[in-house]
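Hello,

Here is the structure I promised to pass on. Please open it first, then read my notes below.

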Amino acid sequence: MIQDNPITVESIDALAKKGWYVQFKSLCSSLKGGIVENKILLKENLSPYERDKTLFHELVHIHYPTYLSCKSERALSLFTELQIEAITEWLGRKARADHLLLREAIKSFELEPQVYDQASYRAFRIVKEQLAFPFAQDIIYSQLPLLMD
Ligand SMILES: [Zn+2]
């Protein structure tokens, strides 16, 4: 059921086109994200990795409404809420580690690209040839160490 319908670049793009969007909010301490209508809520000031991990966690909930949404009765009869959260987190981390999916999600939901590990480096690294372009200027300084290798 889940293997047959993986999260893809196209499915992420389709969610954004359907009107899903991201809003940053101050959420209570233990909550990092959530879903309200077609809005993905992310806690303000998460670290770059936490932001992207949480985004993908919520994307998994949205992508599998039948099996991995806590609101679905079918899901709750198959899995407990804790199992749903664990499976969702695992699938979300797996998808985020794919640099093509990460790049698509950040682009589709108009978030600021952040480089903090291998997947995000592959998704957003700036190559020397791109440095002359205006879009590279404001990220050059934050990524300077990465440009050295
Ligand atoms: Zn969840």
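Helix 1 and helix 5 are roughly parallel to each other (angles under 35 degrees count as such), because their axes cross at roughly 10°. Those axes come within 9 Å. Axes here are lines fitted to C-alpha atoms, for helices over the stretch in contact, and angles run from 0 to 180 degrees between N-to-C directions. Helix 1 covers residues 9-17 and helix 5 covers residues 99-108. Helices (H or I, at least four residues) and strands (E, at least two) are DSSP runs, numbered from the N terminus.

This is a predicted model: local features need pLDDT of at least 70, side-chain atom pairs count only at pLDDT 80 or more, and totals for chains, interfaces and linings use all residues. Residues are numbered from 1 along each chain as its sequence is written.

Which residues of the two helices meet? Val 9, Ile 12, Asp 13 and Ala 16 in helix 1 face Leu 100, Leu 101, Glu 104, Ala 105 and Ser 108 in helix 5. Contact means C-beta atoms, placed from the backbone, within 7 Å.

Ala 105 also turns up in the core. The largest nonpolar core has 21 residues. Such a core is a set of buried Ala, Val, Leu, Ile, Met, Phe, Trp, Tyr and Cys residues joined through C-beta atoms within 7 Å. Buried means 20 or more other C-beta atoms within 10 Å of a residue's own. Leu 59, Val 60 and Ala 105 have the most contacts inside this core. Not counting residues up to four places away in sequence, Ala 105 touches Ile 12, Leu 55, Phe 56 and Leu 59.

Three strands form an open sheet in the order 1-3-2, with mixed pairing. Two strands pair if DSSP finds at least two bridges between them. Strand 1 (21-25) and strand 2 are the edges, each pairing on one side only. The twist averages 30° from one strand to the next. Helix 2 (residues 48-63) packs on the sheet and touches strand 1, strand 2 and strand 3.

Strand 2 (residues 33-36) and strand 3 (residues 39-43) run antiparallel, joined by four bridges.

Best wishes

Conventions
Angles under 35 degrees count as roughly parallel, over 145 as roughly antiparallel, 65 to 115 as roughly perpendicular and the rest as oblique. A residue is buried if 20 or more other C-beta atoms lie within 10 Å of its own, exposed if 12 or fewer, and partly exposed in between; C-beta atoms are placed from the backbone.
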